[in-house]
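Dear colleague,

I am handing over the structure we spoke about, and it is shown just below.

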Amino acid sequence: MHLKSIGTGLTIWYTTLLTLTFFILGSIAYGLLAYSLSRDIDSALKGVAEVMVQRTRTGDAAPVPGDVDELFRRFFGFSPLDRYVDLFDPRGRRDPRLPHTYGNDLYISPEALENASQGLHTIETMTTTGVYPVRVLTIPVIEAGRVASLVRVGMSLENMVKTRRRFLLIMASVFPFGLLFAGGGGWLLARRALRPVDHMTRTARRISAEHIDERLPVTGNGDELDRLAKTLNDMLDRLDDAFYQMRQFSADASHELQTPLTILKGEIEVALRSHRSPEEYKDVLKSGLEEIDRINHLVEGLLLLARADAGVMRMDIQPVDLKMLIRDVCNQMMVIADEHSIALHSGPMESVVVDGDREHLRRTLLNLVDNAIKYTPAGGRVTLTLSADDRWASLSVTDTGIGFPADERQLIFDRFHRATDTRSRDAGGVGLGLSIVRSIAKAHGGRIEAESPPGHGSTFTLFLPVSAST
Ligand code: ADP
(Lines give C-alpha, C1' and ligand atoms only; values in the text may rest on other atoms or scores of the structure.)
Protein backbone atom coordinates (compact mmCIF):
# COMPACT_ATOMS: atom_id res chain seq x y z
CA MET A 1 0.00 0.00 0.00
CA HIS A 2 1.40 3.33 -1.09
CA LEU A 3 1.50 5.50 2.04
CA LYS A 4 1.26 8.77 0.14
CA SER A 5 -1.72 7.78 -1.98
CA ILE A 6 -5.00 9.69 -1.78
CA GLY A 7 -6.77 6.34 -1.27
CA THR A 8 -4.76 5.66 1.89
CA GLY A 9 -5.30 9.19 3.13
CA LEU A 10 -9.04 8.92 2.53
CA THR A 11 -9.19 5.54 4.28
CA ILE A 12 -7.34 6.90 7.33
CA TRP A 13 -9.66 9.89 7.50
CA TYR A 14 -12.69 7.77 6.98
CA THR A 15 -11.69 5.25 9.65
CA THR A 16 -10.79 7.97 12.14
CA LEU A 17 -14.13 9.68 11.62
CA LEU A 18 -15.93 6.37 11.92
CA THR A 19 -14.13 5.57 15.20
CA LEU A 20 -15.01 9.00 16.58
CA THR A 21 -18.64 8.63 15.51
CA PHE A 22 -18.77 5.18 17.04
CA PHE A 23 -17.37 6.41 20.35
CA ILE A 24 -19.67 9.41 20.51
CA LEU A 25 -22.78 7.45 19.56
CA GLY A 26 -21.73 4.53 21.80
CA SER A 27 -21.25 6.85 24.78
CA ILE A 28 -24.63 8.51 24.20
CA ALA A 29 -26.36 5.11 23.86
CA TYR A 30 -24.60 3.80 26.98
CA GLY A 31 -25.56 6.92 28.94
CA LEU A 32 -29.21 6.66 27.84
CA LEU A 33 -29.32 2.95 28.67
CA ALA A 34 -27.85 3.50 32.15
CA TYR A 35 -30.20 6.42 32.79
CA SER A 36 -33.34 4.58 31.69
CA LEU A 37 -32.39 1.43 33.63
CA SER A 38 -31.87 3.31 36.88
CA ARG A 39 -34.99 5.42 36.32
CA ASP A 40 -37.07 2.25 35.85
CA ILE A 41 -35.62 0.76 39.03
CA ASP A 42 -36.21 3.93 41.02
CA SER A 43 -39.83 4.26 39.96
CA ALA A 44 -40.53 0.57 40.61
CA LEU A 45 -38.92 0.87 44.07
CA LYS A 46 -41.13 3.86 44.73
CA GLY A 47 -44.22 1.84 43.80
CA VAL A 48 -43.27 -0.97 46.20
CA ALA A 49 -42.40 1.50 48.96
CA GLU A 50 -45.69 3.35 48.63
CA VAL A 51 -47.67 0.14 49.03
CA MET A 52 -45.58 -0.68 52.11
CA VAL A 53 -46.24 2.76 53.56
CA GLN A 54 -49.94 2.18 53.00
CA ARG A 55 -49.79 -1.15 54.76
CA THR A 56 -47.86 0.30 57.67
CA ARG A 57 -50.54 2.92 58.10
CA THR A 58 -53.27 0.31 58.16
CA GLY A 59 -51.24 -1.75 60.64
CA ASP A 60 -50.60 -4.50 58.08
CA ALA A 61 -46.86 -4.14 57.96
CA ALA A 62 -45.87 -7.76 58.15
CA PRO A 63 -46.29 -9.35 54.75
CA VAL A 64 -45.34 -12.95 54.15
CA PRO A 65 -42.47 -13.59 51.69
CA GLY A 66 -44.96 -14.60 48.98
CA ASP A 67 -46.57 -11.20 49.31
CA VAL A 68 -43.23 -9.45 48.87
CA ASP A 69 -42.53 -11.47 45.73
CA GLU A 70 -45.95 -10.57 44.43
CA LEU A 71 -45.35 -6.91 45.24
CA PHE A 72 -42.01 -6.81 43.40
CA ARG A 73 -43.44 -8.74 40.47
CA ARG A 74 -46.21 -6.17 40.21
CA PHE A 75 -43.79 -3.26 39.91
CA PHE A 76 -40.71 -4.83 38.35
CA GLY A 77 -42.34 -7.43 36.14
CA PHE A 78 -40.30 -10.09 37.95
CA SER A 79 -39.25 -10.86 41.50
CA PRO A 80 -35.56 -10.20 42.01
CA LEU A 81 -33.76 -12.66 44.29
CA ASP A 82 -31.80 -10.02 46.03
CA ARG A 83 -34.57 -7.68 47.08
CA TYR A 84 -35.10 -5.98 50.36
CA VAL A 85 -38.03 -4.62 52.43
CA ASP A 86 -37.64 -3.34 55.97
CA LEU A 87 -39.32 -1.21 58.60
CA PHE A 88 -37.50 1.00 61.11
CA ASP A 89 -38.59 3.20 63.95
CA PRO A 90 -37.72 6.94 63.65
CA ARG A 91 -34.41 6.36 65.49
CA GLY A 92 -33.26 3.78 63.03
CA ARG A 93 -33.98 0.58 65.00
CA ARG A 94 -35.66 -2.30 63.25
CA ASP A 95 -39.46 -2.21 63.83
CA PRO A 96 -40.63 -5.33 65.64
CA ARG A 97 -43.83 -5.35 63.55
CA LEU A 98 -41.73 -6.67 60.65
CA PRO A 99 -39.98 -9.55 62.43
CA HIS A 100 -37.71 -10.55 59.59
CA THR A 101 -36.21 -8.73 56.68
CA TYR A 102 -36.87 -9.86 53.17
CA GLY A 103 -33.55 -10.11 51.45
CA ASN A 104 -30.23 -8.61 52.45
CA ASP A 105 -29.96 -7.04 55.84
CA LEU A 106 -29.05 -3.40 55.20
CA TYR A 107 -27.95 -0.83 57.75
CA ILE A 108 -29.68 2.51 57.54
CA SER A 109 -27.41 5.34 56.46
CA PRO A 110 -27.19 8.49 58.64
CA GLU A 111 -28.25 10.67 55.64
CA ALA A 112 -31.42 8.60 55.15
CA LEU A 113 -32.21 8.85 58.87
CA GLU A 114 -31.60 12.60 58.85
CA ASN A 115 -33.74 13.12 55.70
CA ALA A 116 -36.52 10.98 57.12
CA SER A 117 -36.60 13.02 60.33
CA GLN A 118 -37.45 15.98 58.08
CA GLY A 119 -40.11 13.96 56.26
CA LEU A 120 -37.95 13.55 53.10
CA HIS A 121 -37.36 10.51 50.83
CA THR A 122 -33.85 9.22 50.27
CA ILE A 123 -32.78 7.15 47.32
CA GLU A 124 -29.23 5.85 47.48
CA THR A 125 -26.92 3.24 46.06
CA MET A 126 -25.19 1.22 48.78
CA THR A 127 -22.12 -0.81 48.05
CA THR A 128 -21.37 -2.37 51.39
CA THR A 129 -23.29 -5.62 51.04
CA GLY A 130 -22.55 -8.35 48.51
CA VAL A 131 -20.80 -8.17 45.15
CA TYR A 132 -23.27 -5.84 43.48
CA PRO A 133 -24.48 -2.49 44.78
CA VAL A 134 -28.01 -2.17 46.10
CA ARG A 135 -30.42 0.64 45.32
CA VAL A 136 -32.39 1.60 48.44
CA LEU A 137 -35.34 3.95 48.90
CA THR A 138 -36.19 5.19 52.39
CA ILE A 139 -39.64 6.77 52.94
CA PRO A 140 -40.83 8.13 56.29
CA VAL A 141 -44.39 7.17 57.35
CA ILE A 142 -45.99 10.30 58.75
CA GLU A 143 -48.79 9.79 61.22
CA ALA A 144 -50.46 12.60 63.15
CA GLY A 145 -47.94 15.10 61.83
CA ARG A 146 -44.80 13.22 62.95
CA VAL A 147 -42.59 10.47 61.65
CA ALA A 148 -44.00 7.21 62.95
CA SER A 149 -41.71 4.77 61.13
CA LEU A 150 -39.43 4.38 58.08
CA VAL A 151 -40.08 2.07 55.17
CA ARG A 152 -36.98 0.89 53.30
CA VAL A 153 -37.25 -0.91 50.00
CA GLY A 154 -34.17 -2.00 48.08
CA MET A 155 -33.05 -4.08 45.22
CA SER A 156 -29.69 -5.39 44.03
CA LEU A 157 -28.38 -3.67 40.92
CA GLU A 158 -26.94 -6.95 39.65
CA ASN A 159 -29.23 -7.01 36.63
CA MET A 160 -28.52 -3.43 35.74
CA VAL A 161 -24.76 -3.82 36.12
CA LYS A 162 -24.83 -6.98 34.05
CA THR A 163 -26.94 -5.37 31.33
CA ARG A 164 -24.55 -2.43 31.16
CA ARG A 165 -21.57 -4.75 31.00
CA ARG A 166 -23.23 -6.80 28.29
CA PHE A 167 -23.85 -3.65 26.30
CA LEU A 168 -20.19 -2.62 26.60
CA LEU A 169 -19.07 -6.12 25.68
CA ILE A 170 -21.24 -6.15 22.56
CA MET A 171 -19.96 -2.74 21.56
CA ALA A 172 -16.33 -3.72 22.16
CA SER A 173 -16.66 -6.91 20.13
CA VAL A 174 -18.62 -5.35 17.27
CA PHE A 175 -16.33 -2.32 16.98
CA PRO A 176 -13.16 -3.99 15.60
CA PHE A 177 -15.19 -5.93 13.03
CA GLY A 178 -17.17 -2.84 12.04
CA LEU A 179 -13.99 -0.83 11.80
CA LEU A 180 -12.22 -3.51 9.77
CA PHE A 181 -15.18 -3.89 7.47
CA ALA A 182 -15.77 -0.16 6.99
CA GLY A 183 -12.04 0.64 6.71
CA GLY A 184 -11.44 -2.17 4.22
CA GLY A 185 -14.57 -1.23 2.28
CA GLY A 186 -13.54 2.43 2.26
CA TRP A 187 -10.08 1.55 1.02
CA LEU A 188 -11.46 -0.64 -1.77
CA LEU A 189 -13.93 2.07 -2.77
CA ALA A 190 -11.24 4.76 -2.78
CA ARG A 191 -8.96 2.50 -4.84
CA ARG A 192 -11.73 1.80 -7.28
CA ALA A 193 -12.63 5.47 -7.60
CA LEU A 194 -9.00 6.49 -8.04
CA ARG A 195 -8.01 3.72 -10.46
CA PRO A 196 -8.52 6.04 -13.47
CA VAL A 197 -6.04 8.45 -11.86
CA ASP A 198 -3.37 5.73 -11.91
CA HIS A 199 -4.19 5.06 -15.51
CA MET A 200 -3.95 8.77 -16.30
CA THR A 201 -0.62 9.01 -14.46
CA ARG A 202 0.85 6.14 -16.49
CA THR A 203 -0.33 7.64 -19.75
CA ALA A 204 0.81 11.14 -18.79
CA ARG A 205 4.25 9.71 -17.95
CA ARG A 206 4.55 8.35 -21.49
CA ILE A 207 3.61 11.70 -23.03
CA SER A 208 6.62 13.82 -23.90
CA ALA A 209 7.63 16.22 -26.66
CA GLU A 210 8.31 13.18 -28.85
CA HIS A 211 5.00 11.42 -28.07
CA ILE A 212 2.78 14.44 -27.70
CA ASP A 213 0.11 12.94 -29.93
CA GLU A 214 -0.91 10.47 -27.19
CA ARG A 215 -4.01 11.40 -25.18
CA LEU A 216 -5.36 10.55 -21.72
CA PRO A 217 -8.22 8.03 -21.61
CA VAL A 218 -11.69 9.63 -21.50
CA THR A 219 -14.50 7.32 -20.38
CA GLY A 220 -17.27 9.73 -21.33
CA ASN A 221 -19.21 9.37 -18.04
CA GLY A 222 -18.76 13.10 -17.37
CA ASP A 223 -17.45 12.76 -13.79
CA GLU A 224 -14.70 14.95 -12.28
CA LEU A 225 -11.89 12.71 -13.49
CA ASP A 226 -13.36 12.57 -16.95
CA ARG A 227 -13.56 16.35 -17.03
CA LEU A 228 -9.97 16.56 -15.79
CA ALA A 229 -8.83 14.16 -18.55
CA LYS A 230 -10.68 16.23 -21.15
CA THR A 231 -9.15 19.47 -19.86
CA LEU A 232 -5.67 17.95 -19.89
CA ASN A 233 -6.26 16.60 -23.40
CA ASP A 234 -7.29 20.08 -24.57
CA MET A 235 -4.13 21.41 -23.00
CA LEU A 236 -2.11 18.72 -24.79
CA ASP A 237 -3.77 19.72 -28.06
CA ARG A 238 -2.63 23.28 -27.52
CA LEU A 239 0.86 22.12 -26.54
CA ASP A 240 0.94 19.89 -29.60
CA ASP A 241 0.09 22.89 -31.77
CA ALA A 242 2.68 25.02 -30.01
CA PHE A 243 5.35 22.32 -30.44
CA TYR A 244 4.44 21.97 -34.09
CA GLN A 245 4.67 25.72 -34.61
CA MET A 246 7.96 25.83 -32.74
CA ARG A 247 9.43 23.06 -34.88
CA GLN A 248 8.09 24.70 -38.01
CA PHE A 249 9.46 28.04 -36.88
CA SER A 250 12.94 26.60 -36.20
CA ALA A 251 12.94 24.84 -39.56
CA ASP A 252 11.83 28.01 -41.38
CA ALA A 253 14.28 30.22 -39.49
CA SER A 254 17.18 27.84 -40.25
CA HIS A 255 16.13 27.71 -43.88
CA GLU A 256 15.92 31.48 -44.16
CA LEU A 257 19.35 31.84 -42.56
CA GLN A 258 20.85 29.10 -44.65
CA THR A 259 19.90 30.66 -48.01
CA PRO A 260 21.94 33.90 -47.66
CA LEU A 261 24.78 31.99 -45.98
CA THR A 262 24.95 29.52 -48.88
CA ILE A 263 24.94 32.38 -51.38
CA LEU A 264 27.65 34.18 -49.41
CA LYS A 265 29.80 31.06 -49.17
CA GLY A 266 29.32 30.27 -52.91
CA GLU A 267 30.28 33.77 -53.98
CA ILE A 268 33.40 33.82 -51.81
CA GLU A 269 34.45 30.35 -53.01
CA VAL A 270 34.05 31.35 -56.66
CA ALA A 271 35.97 34.59 -56.05
CA LEU A 272 38.83 32.67 -54.45
CA ARG A 273 39.08 30.07 -57.18
CA SER A 274 41.18 32.32 -59.50
CA HIS A 275 42.84 35.67 -59.43
CA ARG A 276 40.34 38.56 -59.78
CA SER A 277 40.63 42.22 -60.51
CA PRO A 278 40.03 44.68 -57.64
CA GLU A 279 36.68 45.61 -59.29
CA GLU A 280 35.53 42.00 -59.25
CA TYR A 281 36.53 41.60 -55.57
CA LYS A 282 34.62 44.77 -54.82
CA ASP A 283 31.51 43.35 -56.51
CA VAL A 284 31.80 40.12 -54.48
CA LEU A 285 32.17 42.08 -51.27
CA LYS A 286 29.17 44.26 -52.17
CA SER A 287 27.04 41.22 -52.87
CA GLY A 288 28.31 39.61 -49.65
CA LEU A 289 27.32 42.71 -47.74
CA GLU A 290 23.78 42.50 -49.15
CA GLU A 291 23.48 38.91 -47.91
CA ILE A 292 24.84 39.94 -44.51
CA ASP A 293 22.25 42.74 -44.41
CA ARG A 294 19.58 40.17 -45.16
CA ILE A 295 20.82 37.91 -42.35
CA ASN A 296 21.03 40.89 -40.03
CA HIS A 297 17.48 41.93 -40.89
CA LEU A 298 16.22 38.40 -40.28
CA VAL A 299 18.02 38.01 -36.94
CA GLU A 300 16.75 41.42 -35.82
CA GLY A 301 13.19 40.38 -36.68
CA LEU A 302 13.56 37.04 -34.88
CA LEU A 303 14.97 38.76 -31.82
CA LEU A 304 12.11 41.25 -31.73
CA LEU A 305 9.53 38.45 -32.01
CA ALA A 306 11.29 36.39 -29.33
CA ARG A 307 11.26 39.40 -26.99
CA ALA A 308 7.61 40.08 -27.75
CA ASP A 309 6.76 36.40 -27.04
CA ALA A 310 8.60 36.54 -23.74
CA GLY A 311 6.83 39.82 -22.89
CA VAL A 312 10.13 41.68 -22.58
CA MET A 313 9.93 43.86 -25.67
CA ARG A 314 11.85 47.06 -25.06
CA MET A 315 9.42 49.96 -25.33
CA ASP A 316 10.11 53.64 -24.92
CA ILE A 317 6.55 54.88 -24.45
CA GLN A 318 5.86 58.52 -25.25
CA PRO A 319 3.12 60.50 -27.00
CA VAL A 320 3.39 59.90 -30.73
CA ASP A 321 1.63 62.13 -33.26
CA LEU A 322 0.51 59.65 -35.92
CA LYS A 323 0.00 62.35 -38.56
CA MET A 324 3.65 63.37 -38.24
CA LEU A 325 4.72 59.75 -38.28
CA ILE A 326 2.85 59.10 -41.52
CA ARG A 327 4.44 62.16 -43.13
CA ASP A 328 7.93 60.95 -42.09
CA VAL A 329 7.34 57.46 -43.44
CA CYS A 330 5.88 58.81 -46.70
CA ASN A 331 8.95 61.00 -47.19
CA GLN A 332 11.25 58.07 -46.41
CA MET A 333 9.49 55.65 -48.78
CA MET A 334 8.89 58.11 -51.60
CA VAL A 335 12.14 57.23 -53.36
CA ILE A 336 11.42 53.48 -53.28
CA ALA A 337 7.85 54.06 -54.46
CA ASP A 338 9.21 56.17 -57.35
CA GLU A 339 11.66 53.44 -58.25
CA HIS A 340 8.71 51.04 -58.58
CA SER A 341 6.61 53.67 -60.40
CA ILE A 342 4.04 53.68 -57.67
CA ALA A 343 2.20 56.76 -56.47
CA LEU A 344 2.56 57.01 -52.71
CA HIS A 345 0.46 59.64 -51.00
CA SER A 346 -1.52 60.30 -47.85
CA GLY A 347 -5.26 60.82 -47.83
CA PRO A 348 -7.26 63.02 -45.45
CA MET A 349 -5.84 62.87 -41.92
CA GLU A 350 -6.88 63.94 -38.46
CA SER A 351 -4.32 64.78 -35.83
CA VAL A 352 -4.19 61.83 -33.46
CA VAL A 353 -1.82 61.17 -30.58
CA VAL A 354 -1.20 57.71 -29.15
CA ASP A 355 1.06 56.54 -26.33
CA GLY A 356 3.66 54.32 -27.94
CA ASP A 357 7.21 53.59 -28.93
CA ARG A 358 7.97 55.86 -31.88
CA GLU A 359 10.62 53.56 -33.40
CA HIS A 360 8.44 50.44 -33.17
CA LEU A 361 5.48 52.30 -34.70
CA ARG A 362 7.71 53.65 -37.48
CA ARG A 363 8.94 50.11 -38.19
CA THR A 364 5.33 48.89 -38.34
CA LEU A 365 4.32 51.57 -40.80
CA LEU A 366 7.46 51.04 -42.91
CA ASN A 367 6.67 47.30 -43.07
CA LEU A 368 3.10 47.97 -44.23
CA VAL A 369 4.12 50.56 -46.84
CA ASP A 370 7.02 48.38 -47.99
CA ASN A 371 4.64 45.43 -48.47
CA ALA A 372 2.14 47.64 -50.30
CA ILE A 373 4.85 48.74 -52.73
CA LYS A 374 6.22 45.18 -53.03
CA TYR A 375 2.87 43.65 -53.91
CA THR A 376 1.62 46.43 -56.22
CA PRO A 377 2.54 46.40 -59.89
CA ALA A 378 4.09 49.51 -61.48
CA GLY A 379 1.57 52.28 -62.11
CA GLY A 380 -0.42 51.44 -58.95
CA ARG A 381 -1.21 53.59 -55.93
CA VAL A 382 -0.53 53.31 -52.22
CA THR A 383 -2.59 55.54 -49.93
CA LEU A 384 -2.20 56.18 -46.20
CA THR A 385 -5.16 57.43 -44.16
CA LEU A 386 -5.69 58.22 -40.50
CA SER A 387 -8.91 58.58 -38.54
CA ALA A 388 -9.97 58.26 -34.91
CA ASP A 389 -12.91 57.99 -32.57
CA ASP A 390 -12.96 58.33 -28.76
CA ARG A 391 -11.04 55.14 -28.19
CA TRP A 392 -9.24 54.01 -31.31
CA ALA A 393 -6.93 55.57 -33.85
CA SER A 394 -7.05 53.67 -37.15
CA LEU A 395 -4.21 53.95 -39.57
CA SER A 396 -4.74 52.34 -43.00
CA VAL A 397 -2.39 51.49 -45.83
CA THR A 398 -4.38 50.77 -49.00
CA ASP A 399 -2.85 49.60 -52.26
CA THR A 400 -4.12 48.74 -55.71
CA GLY A 401 -1.88 45.66 -55.85
CA ILE A 402 -2.31 41.91 -56.28
CA GLY A 403 -4.08 41.41 -52.94
CA PHE A 404 -4.24 38.03 -51.24
CA PRO A 405 -6.79 35.18 -51.20
CA ALA A 406 -9.56 35.52 -48.58
CA ASP A 407 -8.58 32.25 -46.86
CA GLU A 408 -5.08 33.67 -46.24
CA ARG A 409 -6.44 36.62 -44.28
CA GLN A 410 -5.26 35.34 -40.88
CA LEU A 411 -2.40 33.17 -42.10
CA ILE A 412 -0.41 36.05 -43.60
CA PHE A 413 0.30 37.20 -40.02
CA ASP A 414 1.93 33.87 -39.17
CA ARG A 415 5.70 33.69 -39.06
CA PHE A 416 7.34 32.80 -42.36
CA HIS A 417 3.98 32.53 -44.07
CA ARG A 418 3.94 33.86 -47.60
CA ALA A 419 0.82 33.92 -49.70
CA THR A 420 2.74 34.90 -52.79
CA ASP A 421 5.88 32.99 -52.16
CA THR A 422 8.10 33.57 -55.18
CA ARG A 423 7.15 37.19 -55.45
CA SER A 424 7.85 37.82 -51.78
CA ARG A 425 11.26 36.14 -51.95
CA ASP A 426 12.13 38.00 -55.14
CA ALA A 427 11.21 41.19 -53.36
CA GLY A 428 13.54 40.30 -50.51
CA GLY A 429 10.77 39.29 -48.08
CA VAL A 430 11.30 36.59 -45.47
CA GLY A 431 7.73 36.36 -44.20
CA LEU A 432 8.32 37.97 -40.79
CA GLY A 433 7.12 41.51 -41.53
CA LEU A 434 3.44 41.08 -40.70
CA SER A 435 4.18 38.91 -37.61
CA ILE A 436 6.32 41.75 -36.32
CA VAL A 437 3.55 44.26 -37.12
CA ARG A 438 1.05 42.13 -35.19
CA SER A 439 3.39 41.76 -32.18
CA ILE A 440 4.04 45.50 -32.06
CA ALA A 441 0.31 46.27 -32.36
CA LYS A 442 -0.39 43.83 -29.52
CA ALA A 443 2.36 45.32 -27.33
CA HIS A 444 0.61 48.70 -27.76
CA GLY A 445 -2.76 47.26 -26.76
CA GLY A 446 -3.94 47.43 -30.36
CA ARG A 447 -4.53 45.09 -33.32
CA ILE A 448 -4.03 44.77 -37.06
CA GLU A 449 -6.63 43.78 -39.62
CA ALA A 450 -6.28 42.96 -43.31
CA GLU A 451 -8.78 43.05 -46.16
CA SER A 452 -8.46 42.25 -49.79
CA PRO A 453 -11.60 42.62 -51.89
CA PRO A 454 -10.89 40.50 -55.00
CA GLY A 455 -9.39 42.63 -57.75
CA HIS A 456 -9.11 45.73 -55.58
CA GLY A 457 -5.72 45.39 -53.93
CA SER A 458 -5.56 45.25 -50.15
CA THR A 459 -5.97 47.36 -47.05
CA PHE A 460 -4.07 46.84 -43.81
CA THR A 461 -5.49 48.77 -40.84
CA LEU A 462 -3.63 49.27 -37.59
CA PHE A 463 -5.84 50.06 -34.58
CA LEU A 464 -4.15 51.76 -31.62
CA PRO A 465 -5.73 53.05 -28.39
CA VAL A 466 -5.89 56.84 -28.41
CA SER A 467 -3.75 58.53 -25.74
CA ALA A 468 -5.80 59.20 -22.61
CA SER A 469 -4.25 62.67 -22.25
CA THR A 470 -5.71 63.97 -25.56
P1 ADP B 1 7.07 39.09 -46.64
O2 ADP B 1 8.46 39.31 -46.18
O3 ADP B 1 6.88 37.84 -47.39
O4 ADP B 1 6.49 40.30 -47.29
P5 ADP B 1 5.15 39.63 -44.60
O6 ADP B 1 4.99 39.03 -43.29
O7 ADP B 1 5.40 41.10 -44.66
O8 ADP B 1 6.31 38.82 -45.31
O9 ADP B 1 3.90 39.27 -45.45
C10 ADP B 1 3.42 37.96 -45.44
C11 ADP B 1 2.64 37.69 -46.71
O12 ADP B 1 1.47 38.48 -46.72
C13 ADP B 1 3.39 38.07 -47.95
O14 ADP B 1 4.23 37.02 -48.38
C15 ADP B 1 2.28 38.32 -48.91
O16 ADP B 1 1.86 37.11 -49.48
C17 ADP B 1 1.15 38.85 -48.06
N18 ADP B 1 1.07 40.33 -48.11
C19 ADP B 1 1.55 41.21 -47.23
N20 ADP B 1 1.29 42.49 -47.61
C21 ADP B 1 0.59 42.39 -48.74
C22 ADP B 1 -0.01 43.35 -49.63
N23 ADP B 1 0.08 44.67 -49.39
N24 ADP B 1 -0.66 42.88 -50.72
C25 ADP B 1 -0.75 41.58 -50.94
N26 ADP B 1 -0.24 40.62 -50.18
C27 ADP B 1 0.44 41.02 -49.07
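Strand 9 (residues 392–399) and strand 11 (residues 458–465) run antiparallel and are joined by eight bridges; within this pairing, leucine 395 has leucine 462 of strand 11 as its bridge partner. Please keep in mind throughout that this is a predicted model.

Two helices pack on the sheet to which these strands belong. Helix 7 (residues 322–339) touches strand 6, strand 8 (381–388), strand 9 and strand 11, and its direction makes about 165 degrees with that of strand 6. Helix 8 (residues 358–374) touches strand 6, strand 8, strand 9, strand 10 and strand 11, and its direction makes about 25 degrees with that of strand 9.

The sheet itself is open and has five strands in the order 6-8-9-11-10, with mixed pairing. Its edges are formed by strand 6 (343–349) and strand 10 (447–451), each of which has a single partner strand, so that one side of each is left without a neighbour in the sheet. From one strand to the next, the twist averages 15 degrees.

As for the overall division, the protein chain is split into domain 1 (6–163), domain 2 (224–309) and domain 3 (316–465). The centres of domain 1 and domain 3, taken over C-alpha atoms, are separated by 106 Å.

There is also an open sheet of four strands, in the order 1-4-3-2, whose pairing is antiparallel. Here strand 1 (83–88) and strand 2 (122–126) stand at the edges, and because each has a single partner strand, one side of each lacks a neighbour in the sheet. The twist in this case averages 20 degrees from one strand to the next. Strand 3 (residues 134–143) pairs with strand 4 (residues 146–156) in the antiparallel sense over 10 bridges, and leucine 137 stands opposite valine 153 in strand 4. Helix 3 (residues 110–117) lies across strand 2, strand 3 and strand 4, and runs at about 140 degrees to strand 4.

Taken by class, the lining of the second largest pocket comprises six nonpolar, three polar and five charged residues.

Terms used:
Residues numbered from 1 in each chain as written. Predicted model: local features only at pLDDT ≥ 70, side-chain atom pairs only at ≥ 80, totals over all residues. Heavy atoms only, no water. Nonpolar A, V, L, I, M, F, W, Y, C, P; charged D, E, K, R; others polar. Pairing = 2+ DSSP bridges. Axes fitted to C-alpha atoms, helices over the stretch in contact; angles between N-to-C directions. Contact = heavy atoms within 4.5 Å. Domains from an automatic or database assignment.
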